[in-house]
Amino acid sequence: MKIEPNQTFEINLQVNDVHVDKQWALHEGNQNGLNLQSIWDIHTGKKDFVVGIIDTGIDYQHEDLGDIIWQNLDEDADGDGRTLEYINGHWQLDPDDLDGIDADQNGYVDDLIGWDFINND
């Protein structure tokens, strides 16, 4: 038998997003809130996690999302390692990857960052 001392840890990560108070769905006090503060206390800063969101949409051109949104590199036709690029001051789908071909053969043509099932694009 191994004996170890009891230890108590308290983590209080401070979120640096000045608009976090406006994101009602993140807070535990909301009936449907995700309580993300408790998750941030456990894990932050790694980009090897993929989160899928079923929602009415994601603004992939938003300044906080463009650089971290998942990219389908199987559709990277020009081979530059990106399907979303920062061009002329905003994020947009890489025009060199929009070739009209279902390169990853998943049934969705040019699904560079996912698929919009409402608009079928």
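The legends below accompany several close-up views of a predicted model of one protein chain.

**View 1**
Read from the N terminus on, the elements of the protein chain follow the order α-β-β, with the helix α1 at residues 36-42 and the strand β1 at residues 84-87, and with the strand β2 at residues 90-93. Of the 121 residues in this predicted chain, 15% are buried. The chain exposes about 10000 Å², and carbon and sulfur atoms supply 52% of that area. When contacts between residues at least 6 apart in sequence are considered, 32% of them join residues at least 24 apart.

**View 1. The hairpin of β1 and β2, in which N88 takes a positive phi.**
The strands β1 and β2 pair in the antiparallel sense, and four bridges connect them. Across this pairing, E85 stands opposite Q92 in β2, while I87 has H90 in β2 opposite to it. Two residues lie between the strands of the hairpin, and N88 is placed in this loop between β1 and β2. Most residues other than glycine have a negative phi. N88 is not a glycine, yet its phi is positive, at about 50°. With a relative accessibility of 73%, N88 counts as exposed, because the term applies over 50%.

**View 2. The salt bridge between the side chains of R82 and D67.**
Side chains of opposite charge can pair when their charged atoms come close. The structure holds one salt bridge, and in it the side chains of R82 and D67 meet at 3.9 Å, taken from N to O. Both R82 and D67 lie in the loop between α1 and β1, so the pair ties together parts that are 15 residues apart in sequence. R82 is partly exposed, its relative accessible area being 25%, and D67 is also partly exposed, with a value of 45%.

**View 3. A nonpolar patch on the surface, formed by I58, L65 and I68.**
Together, the three residues I58, L65 and I68 present about 250 Å² of accessible area. One of them, I58, is located in the loop between α1 and β1. The relative accessibility of I58 is 43%, and for this reason I58 counts as partly exposed.

When residues up to four places away in sequence are not counted, N72 touches T83, D104, D111 and L112.

**View 4. An aromatic cluster made up of Y108, W115 and F117.**
A search of the whole structure finds three aromatic pairs. In the pair of Y108 and F117, the ring centres are 5.6 Å apart and the planes stand at 85°, so this pair is edge-to-face. The angle of 85° meets the requirement for that description, because planes over 60 degrees apart count as edge-to-face. The two partners can also be described by their accessibility: Y108 is partly exposed, with a relative accessible area of 28%, whereas F117 is exposed, with a relative accessible area of 61%. Y108 and F117 form one aromatic cluster with W115.

**View 5. N120, a residue in the segment after β2.**
N120 is a residue other than glycine, and its phi is positive, with a value near 55°. The relative accessible area of N120 is 56%, and N120 is therefore exposed, as the term covers values over 50%.

Definitions and conventions:
Residues numbered from 1 in each chain as written. Predicted model: local features only at pLDDT ≥ 70, side-chain atom pairs only at ≥ 80, totals over all residues. Heavy atoms only, no water. Patch = residues over 30% accessible without salt bridge, like charges linked within 9 Å, V, L, I, M, F, W, Y side chains within 5 Å. Areas by Shrake-Rupley, 256 points an atom, 1.4 Å probe, with all protein chains shown as cover. Salt bridge = Lys/Arg side-chain N within 4 Å of Asp/Glu carboxyl O. Buried < 20%, exposed > 50% of the residue type's maximum accessible area, 1.4 Å probe, protein only. Contact = heavy atoms within 4.5 Å. Phe/Tyr/Trp six-rings, centres within 6.5 Å; stacked < 30°, edge-to-face > 60°. Pairing = 2+ DSSP bridges.
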